[in-house]
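Please keep the sequence and the structure in view while reading.

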Amino acid sequence: MKRVGNRREPEIVEQASGLLMSKGARFSEALAALAPSTFVPKGVYRYKSHAQANQHQQSCLARGMGLLAARRG
């Protein structure tokens with residue numbers, strides 16, 4: 001077995017340090033900034049196939065881009 005790199009998992013602590021809390025906050029902000037760009041409404045979706053999931057994502061993206069274009073133009 002060949003090992004590449006030497007990444008260490010962060011230690012699990014009972015109380016977060018200020019550094020860890022700031023890293024978590026930045027991560028949450030980054031995820032929150034990504035959410036509006038997908039145009040997929042919140043919810044739980046179940047699909048019978050990957051093709052259906054892809055179709056739903058594409059239709060949400062197309063609808064969202066159309067709404068953006070209408071607002072801007």
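A residue is called buried when its relative accessible area is under 20%, exposed when that area is over 50%, and partly exposed in between. Arg46, with a relative accessibility of 75%, is therefore exposed. The model is a predicted one, and the points below are to be read with that in mind.

**Helix H1 and its surface**

- Helix H1 runs over residues 18-38 and has 21 residues, and the distance from its first C-alpha to its last is 31 Å, close to the 30 Å expected at 1.5 Å a residue.
- Phe27 lies in helix H1, and because its relative accessibility is 54%, above the 50% cut-off, Phe27 counts as exposed.
- Together with Leu31 and Leu34, Phe27 forms a nonpolar patch on the surface, and the accessible area of these residues together is about 320 Å².

- Although Phe39 is not a glycine, its phi is positive, at about 65°.
- Most residues other than glycine have a negative phi.
- With a relative accessibility of 24%, Phe39 counts as partly exposed, because this value falls between the 20% and 50% cut-offs.
- Arg46 is also placed in the loop between H1 and H2, and its C-alpha atom is separated by 39 Å from that of Lys2, the two residues being 44 residues apart along the chain.

**Helix H2 and His56**

- Helix H2 has 23 residues, and from its first C-alpha to its last it reaches 33 Å, close to the 33 Å expected at 1.5 Å a residue.
- The buried residues of H2 are His56, Cys60 and Gly64.
- Which residues does His56 contact, once its neighbours within four places in sequence are left aside? They are Val40, Tyr45 and Tyr47.
- With Tyr47 there is also a polar contact, made between the side chain of His56 and the side chain of Tyr47, at 2.6 Å.

Terms used: Residues numbered from 1 in each chain as written. Predicted model: local features only at pLDDT ≥ 70, side-chain atom pairs only at ≥ 80, totals over all residues. Heavy atoms only, no water. Helix = DSSP H or I, 4+ residues; strand = E, 2+ residues; numbered from the N terminus. Expected span 1.5 Å × (residues − 1). Patch = residues over 30% accessible without salt bridge, like charges linked within 9 Å, V, L, I, M, F, W, Y side chains within 5 Å. Areas by Shrake-Rupley, 256 points an atom, 1.4 Å probe, with all protein chains shown as cover. Salt bridge = Lys/Arg side-chain N within 4 Å of Asp/Glu carboxyl O. Buried < 20%, exposed > 50% of the residue type's maximum accessible area, 1.4 Å probe, protein only. Polar contact = N/O pair within 3.5 Å; in protein donor to acceptor, adjacent residues only side chain to side chain. Contact = heavy atoms within 4.5 Å.
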